[in-house]
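Me: Please examine the following model and answer some questions about its helices, its sheet and its ligand shell.

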Amino acid sequence: MKLPLADAAALRRWLRGTVRSHRSRFAATTLLYVLTTAVGLAGPQLLGVLVESVQAAAPVLRIDLLAGAFLLVLIAQALLARAARLRAMLLGEELLAEAREEMVEHALALPLGVVESAGTGDLLSRATTDIDRLDHTVRNALPEISAAMIAIGLTATAMLLTSPLLACGMLVAVPLLVLSTRWYYPRSLPVVQQVMERWSDVQAGAHESVEGARTISALRLGDRRTARNEHLLDRAVDAEKRHRSLLTAWLPCLELSYVLPVGAILLIGGWAHSAGAAQLGTVVAVVLYAQSLSAPLDELFMWLEELQVGGTALQRVLGVSQVPLDGPREPAQPVGERDLVMRDLRFSYRPGREVLHGIDLVVPAGQRLAIVGPSGAGKSTLGRLIAGTGRPDSGSVAFGRTEVTAMPTESLRREVVLLTQEQHVFACSLRDNLALLDRETGDEELLAALKSVGLQEWVRGLDHGLDTRLGAGGLAVPAARAQQLALARVLLADPHTVVLDEATSLLDSTTSRDLEQALATLLADRTVIAIAHRLHTARTAERIAVMSRGRIVELGEHAELMAAGGSYAELYRAAKVDLG
Ligand SMILES: Nc1ncnc2c1ncn2[C@@H]1O[C@H](COP(=O)(O)OP(=O)(O)OP(=O)(O)O)[C@@H](O)[C@H]1O
């Protein structure tokens with residue numbers, strides 16, 4: 001599954017909402033552009049009068065005054081243009097920051113299942129490349145297009161007011177402009193979308209290769225990955241070529257449509273002047289207007305082209321916000337009992353392929369439950385549903401009477417935390433890595449949490465203690481240590497229920513055993529769901545649920561299940577044999 005693109009209606013809604021919420025600033029910016037162009041229009045008029053005055057041998061003072069006025073107009077136009085551009089850029093930056101924040105907020109709230117199936121590369125390229133493209137468009141295209149459109153509108157009006165007859169010369173450009181543009185845009189839009197999608201694939205491929213570098217090297221998959229990345233790159237370049245060939249067919253038509261009117265106006269002007277229907281100054285002014293139109297027209301079309309790229313980038317960025325989030329997330333706190341209650345829980349990753357087939361289970365508050373079972377039985381899936389990182393197809397998971405899927409993220413995080421095998425170490429200080437959720441946590445509390453997970457000695461050995469920078473660019477943290485840090489984070493987050501899914505799997509068995517014993521004490525009054533791959537973890541749990549093929553097939557204490565001689569006893573004996 002790919003992340004969606006926002007459709008045209010969503011794009012319009014976003015634009016309308018944005019303009020509405022910044023109405024006065026949009027109006028002020030537009031006014032400045034209008035003023036800039038209006039002042040600029042006085043230039044050709046003054047020049048026309050100047051030519052006529054020189055022709056009529058007017059006094060030198062008059063000619064000097066006209067030339068001075070012309071200079072003043074140019075200075076005023078430059079100052080106004082600067083102010084307009086500055087305002088447009090500031091407004092653009094603000095809009096961009098809002099779009100970026102909205103996207104990041106939504107991306108962080110996306111259901112994990114969606115991120116997994118879409119691939120993090122796509123999300124990453126939307127958050128980086130597409131935001132960059134949008135940045136470029138907002139920074140440049142919007143101010144340039146606004147300026148160009150206003151300049152074209154006002155120049156055309158001035159031409160009509162100066163001489164409607166001569167202004168008719170502009171019409172020769174219309175058929176060429178309209179026909180070539182109507183040919184170009186419908187063809188280029190899908191190609192532009194394809195170009196961006198393919199570059200996103202290139203980025204995703206590179207990202208995967210870097211992330212999985214160790215696996216690739218261990219399995220000697222380097223050549224295959226390189227071939228795949230080259231294939232992705234070729235596809236992107238092909239799409240780029242298609243786009244460029246469309247552009248090279250369209251651009252000459254544009255260029256021609258700028259020069260044709262100047263020729264036509266000169267022809268009409270020559271005839272009109274000789275017939276006494278137009279003065280020389282009028283012809284000069286209209287020709288200058290026509291010539292001055294070519295720059296904004298060129299800008300307009302070039303930036304409209306850029307706007308296509310920016311528009312598609314915006315569709316990709318806003319598309320992230322179109323993914324439905326898990327559950328209604330209405331404010332609702334767990335009420336009364338905090339027993340974990342699962343009723344007829346069903347779940348499938350793909351339609352028609354159910355992996356949990358109706359789980360019914362009640363875990364009393366404060367109980368330690370171990371879930372065991374063969375690989376693929378659905379243990380991790382169940383853990384994720386309990387933690388609210390997935391939404392069941394039917395049935396429910398609730399704390400007391402409050403559905404997990406109805407809890408807002410903030411309260412859900414206080415209620416239940418899922419700790420999996422893969423733990424991320426952020427590129428920041430050890431202190432910030434621990435106090436992710438609560439920046440007010442004091443050093444003593446942080447050190448106590450580190451001690452609880454067996455990192456007392458480690459932190460003592462760090463040059464800068466809690467201020468040591470970890471992760472990329474700092475101290476490398478091995479995966480097993482990252483698991484210990486993650487456990488310390490959980491202790492600090494202090495949720496009511498903890499789901500541990502292979503949370504100590506990377507530690508050696510002695511450390512893992514010591515840590516689990518320490519955790520058992522620390523989490524004594526918490527509900528703990530421990531998805532156990534090492535059966536010694538299960539043994540100490542108050543209750544054990546044995547899963548097989550998406551169902552709970554046995555439930556009870558260790559001794560009880562051993563006596564029953566069912567699948568648990570079998571797994572346990574097999575594990576003992578394995579361990580010798
Ligand atoms: N992201 C996913 N997309 C599609 N199918 C998945 C996904 N994750 C798990 N599955 C499938 O769901 C079923 C249950 O997987 P799950 O990981 O919950 O089992 P498990 O008991 O935790 O296994 P293990 O002990 O190997 O982690 C398996 O058939 C697995 O292939």
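The questions and answers below concern this predicted model.

Me: How are H9 and H10 oriented relative to each other?
Reply: Helix H9 (residues 222–274) and helix H10 (residues 280–320) pack at an angle of about 170°, with their axes 10 Å apart. Angles over 145 degrees count as roughly antiparallel. H9 and H10 are therefore roughly antiparallel.

Me: How many nonpolar residues does the contact of H9 with H10 have?
Reply: H9 contributes residues including Leu254, Tyr258 and Ile265, and H10 contributes residues including Val283, Val286 and Phe301. The contact also has 4 polar and 1 charged residues. The number of nonpolar residues is 13.

Me: Which are the edge strands of the open sheet of 6 strands?
Reply: The order of this sheet is E6-E7-E8-E3-E9-E10, with mixed pairing. An edge strand pairs on one side only, and this holds for E6 (416–419) and E10 (551–556). The edge strands are thus E6 and E10.

Me: Which residue in E7 stands opposite leucine 418?
Reply: E6 and strand E7 (residues 497–501) run parallel and are joined by 4 bridges. Opposite leucine 418 stands valine 499.

Me: Which helix gives the most to the shell around the ligand?
Reply: There are 11 residues around the ligand, and Tyr349, Ser375, Lys379, Ser380 and Thr381 come nearest. By class, the shell has 3 nonpolar, 6 polar and 2 charged residues. The helix that gives the most, with 3 residues, is H11 (residues 379–386).

Notes: Residues numbered from 1 in each chain as written. Predicted model: local features only at pLDDT ≥ 70, side-chain atom pairs only at ≥ 80, totals over all residues. Axes fitted to C-alpha atoms, helices over the stretch in contact; angles between N-to-C directions. Helix = DSSP H or I, 4+ residues; strand = E, 2+ residues; numbered from the N terminus. Parallel < 35°, antiparallel > 145°, perpendicular 65-115°, else oblique. Contact = placed C-beta atoms within 7 Å. Nonpolar A, V, L, I, M, F, W, Y, C, P; charged D, E, K, R; others polar. Near = placed C-beta within 6 Å. Pairing = 2+ DSSP bridges.
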